[in-house]
2 protein chains.
Amino acid sequence: MQTVYLAGVGMTKFGKSTSTLTELLCQAATDAIASSQIPAVEAVFIGAMNCEEFTGAGNIAAATVEALGLAGVPALRVETASSAGAAALHTAFQAVASGYYRHVLVLGGHKMTHHNTSAATRVLAEVIDYQERLCGATMPALAAMITESYRKKYRLSPSRLHNILCRIALKNHLNGAYNANAQFRKAISEKDYFASKWVATPLRLFDCSPITDGAAGVVLTAEKTDLVVSGIGQCTGPMSLRQRESFTSFPATQIAAKRAYLMAGVGPEDIHFAEVHDAFTTFEIIGTEDLGFFPAGKGGDAAAAGKTALDGELPINPSGGLKSRGHPVGASGVAQVVEVVKRLRGEARPQLKRDATRALAQSTGGLGANNFVTIVERVEQRRAPHKLSLPPAQTPRRPATKEPPPRAENEGRLETFTVLYVTPDGFLAPLALGLIRTRQGRLLFARGEDIEHLKPGREVYVRWVDSYYSFTVKSQLQKVAEALAKFLRRLPGGGVLKKNTGEKKL
Amino acid sequence: MQTVYLAGVGMTKFGKSTSTLTELLCQAATDAIASSQIPAVEAVFIGAMNCEEFTGAGNIAAATVEALGLAGVPALRVETASSAGAAALHTAFQAVASGYYRHVLVLGGHKMTHHNTSAATRVLAEVIDYQERLCGATMPALAAMITESYRKKYRLSPSRLHNILCRIALKNHLNGAYNANAQFRKAISEKDYFASKWVATPLRLFDCSPITDGAAGVVLTAEKTDLVVSGIGQCTGPMSLRQRESFTSFPATQIAAKRAYLMAGVGPEDIHFAEVHDAFTTFEIIGTEDLGFFPAGKGGDAAAAGKTALDGELPINPSGGLKSRGHPVGASGVAQVVEVVKRLRGEARPQLKRDATRALAQSTGGLGANNFVTIVERVEQRRAPHKLSLPPAQTPRRPATKEPPPRAENEGRLETFTVLYVTPDGFLAPLALGLIRTRQGRLLFARGEDIEHLKPGREVYVRWVDSYYSFTVKSQLQKVAEALAKFLRRLPGGGVLKKNTGEKKL
């Protein structure tokens, strides 16, 4: 397999822009080419998510090469939800590794600030499970429910959780203040964090990455440069919340990382800094655990202890991350690699405590459904020869049928929940969403009838309404009545007056 | 570069379906895997166009592997408008050629019959140029204008043109009648063809491929099988009608074919049959010319002479083509290869006149904006070693700015036109559309104020209305008045009464 090197990189300023998506992509492209020793490219790979609904225009690959004056150059778009940029990079890697192309341009871009939050939230939510969307679930809602599960599993008090999340938000905003391309170049205070409004409990505005326009570009080449892509790994995971085994980690990241580490012949301890997909502050904590930097449940403590700060032992998101650099979804996977390259080349300020020669970028598609890990290192640091680890081959089965019709499962316990304050179009805020474990052990995703009395473990009633489940928390009175009914059932004759049904044995 | 072989293939019945897109993809996938010697795959590449707007759901790659029971397997979506299936196949080819994966599954699928024609037409039109869409242009409208240009360039009378187009429609419907997976399994008569309604003059309903649901799948492998992918080629082209040099060919197909022929070490004369992207009957004619099967302007004659029929010397679309097999846009590029494989393996009926060992599939994205050519042959036929021809590298330039503001170009001639009878949402039918060559030589795409008196070469007035150009054909009286004015201008004093402007030299 041909070794794949990194040449030039480029990116636009992230934030609100009046440029079109094509213009943003062209700017990142010309910057990436201009900073390369490679003056010309043979193909273009573009990561973009749902540009049709966000911009009203399709055929983005052909449109972009034409606008770049590269008419005729093969171009295609790659999409894996919010990790589309990383997917384009990995696809381009394989094209160069095969020897079919020698120099290719990878682009990622997104344009969405011309929509209001409600409209953008609805379109972004199309990447999550259909049934959960019918309840009004959004990406922040599901991330919030993951956060609540994490809090419960690792026995964090609400205030401890918020102190940790706040610490990550503060760190990433501080880092972003140094980044000329970041959307927010302003450090925030603890007071700012705690004053910010709820998006979906327990996540506040400052826990969520913003709505952003922007584009980033990278040139990959078969010609030797100072930086090599030494490991790549991809893995998919479940779409829905209710059909996953873990609510406090993303196995897709763990497996993608394992593949990338094996290919590069390194381990998490060999990484000097990382760009982690912090679409939500919780995702950064979980990401650092899934990547093997910290044990499960300890990512938050590590961040709170300053280990992941710019001057820490393992800086995470020294660029400011998605949180403060901004998150133009299709661009983020490429932008992470742009930041990694800049820092490895010593072009990013302020400098880290130690000389970094090997770094990692991790990108998440949807709710951990399509994740990528990329390892980049200085050529002189590369451990040769690396051994390619093939993912295990798998045999498909006939797909499961649609959501099973509602069964007589009308009671359960709240596994996790959120109160959503920024709802998708057509849903009134605030909106309670819960993941219910029924008595039969099945997980149901349901809309709450009330936002009061929610707590993991609480007993609830569930019912099927039209096309989704609805739940309500059992009151004390209902519990007493139930206990009484149960007691009565144990009495001789079941405690129930036998009704004469009028039936007679013939 | 690792040689890439074809293992199993599968496809759903094409047509109207009550299955979801994911279900269709799963069916094609399980059929393709089941017919392979390869029981397991390491990655999945999916060609799909705008599934978000057509089905309301994104993240199709993760959703599909999860539904297939392949959770964890790397999967991504590739998109290049209507050639998305072919793009997925070429991307997967590079992934296997690189040695990164050994066995991969390629899928293409589309679900759109649940929309009415007007809604589907609007969404499909997003792949064409924005400015031309503002006029109400659709894919059939632009294909019709290409057809009108072709007719004029090669001096075909309207009746000769229609006899040729009819012949192609009849041939493809006859071929489709043999294909168990085709949407239309019924031969049509000349009478049916001429009775079918106008979609956009000079194209009738039977000149256009239908709205279709369906999916197709192919397994690519590094393990030797009976069939090898011996050549692949891709090339992009201009999006708009007005910014292209040729209105009677698609240079992107010509270059993609050249690349594929060079890689396979063969020429058009070595191809035994071909699946050509006949989204419109005209596209099949142009395709056979661009692929080098027939000289420019002679593709129609060849078809009319029966050369491309099942029992002809070079059968084109023996499967029925997009015309009668149906055109689920993202699936078509994969379905063409499925058909090619079946026929090369002798599994397709009726048999061709001669034993076919090498075939070609050609797929078109949008209006010839992103085209692919794939050559498949029996392993024993392969000419070794083939030399890889790299496309010439190109340097990008800063993109051109948006559509230039309307200039004082108010007169020109009709280059080509159509009257559109199936209009996108929000446009009344019939709608005249014209490509105008102004006196200054620039091409403008404009909406007609009237559907009468349209003919290539006709003189027109053009004006800028809000966001698009509008044109009207000059009447005889206007021409006489203009000639008179011109004559008067030649007289001493310009023939114009000098107006006293009240200005005085100071």
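Between which helix and which strand of chain B is the loop that holds Pro350(B) found?

A: Pro350(B) sits in the loop that runs between helix H14 (329-344) and strand E10 (358-363) of chain B, where helices (H or I, at least four residues) and strands (E, at least two) are DSSP runs numbered from the N terminus. This is a predicted model, in which local features need pLDDT of at least 70 and side-chain atom pairs count only at pLDDT 80 or more, while totals for chains, interfaces and linings use all residues; side-chain values use heavy atoms, with hydrogens and water left out. Residues are numbered from 1 along each chain as its sequence is written, and chains are lettered from A and ligands numbered from 1 in the order in which they are written.

The peptide bond that leads from Arg349(B) into Pro350(B) is cis, with omega near -10°. In chain A, the bond from Ala429(A) to Pro430(A) is cis, with omega near -5°, and Pro430(A) lies in the loop between strand E12 (411-420) and strand E13 (431-438) of chain A. Another backbone feature is found at Asn50(A), which has a positive phi of about 45° although it is not a glycine; this residue belongs to the loop between strand E2 (43-47) and helix H2 (51-55) of chain A.

Helix H2 of chain A also holds Glu53(A), whose side chain meets that of Arg122(A) in a salt bridge (3.4 Å, N to O), a term that means a side-chain nitrogen of Lys or Arg within 4 Å of a carboxyl oxygen of Asp or Glu. Because Arg122(A) lies in helix H5 (residues 117-124) of chain A, the pair ties together parts that are 69 residues apart in sequence.

Turning to the interface, 80 residues of chain B are in contact (heavy atoms within 4.5 Å) with 80 residues of chain A. The buried area between the chains (accessible area, 1.4 Å probe, that two parts lose on being put together, summed over both) is about 6,700 Å², with carbon and sulfur atoms giving 55% of it. In chain B, the residues that lose the most area to chain A are Asn59(B), Tyr100(B) and Gln394(B), together 11% of what that side buries.

Between chain B and chain A there are 2 salt bridges. Arg77(A) and Glu79(B) meet through their side chains in a salt bridge at 2.9 Å, N to O, and Arg77(A) stands opposite Glu79(B) in E3(B). Strand E3 (residues 75-79) of chain A pairs with E3(B) in the antiparallel sense over 3 bridges, where pairing requires that DSSP find at least two bridges between two strands.

Among the elements that give two or more residues to the side of chain B that touches chain A are helix H1 (21-34), helix H4 (84-97) and helix H10 (251-264) of chain B, but the largest share of that side, 7 residues, comes from H3(B).

As for confidence, the model scores ipTM 0.89 and pTM 0.90, and the mean pLDDT of chain A (the predictor's confidence in each residue, from 0 to 100) is 91, with 92% of its residues reaching 70 or more.
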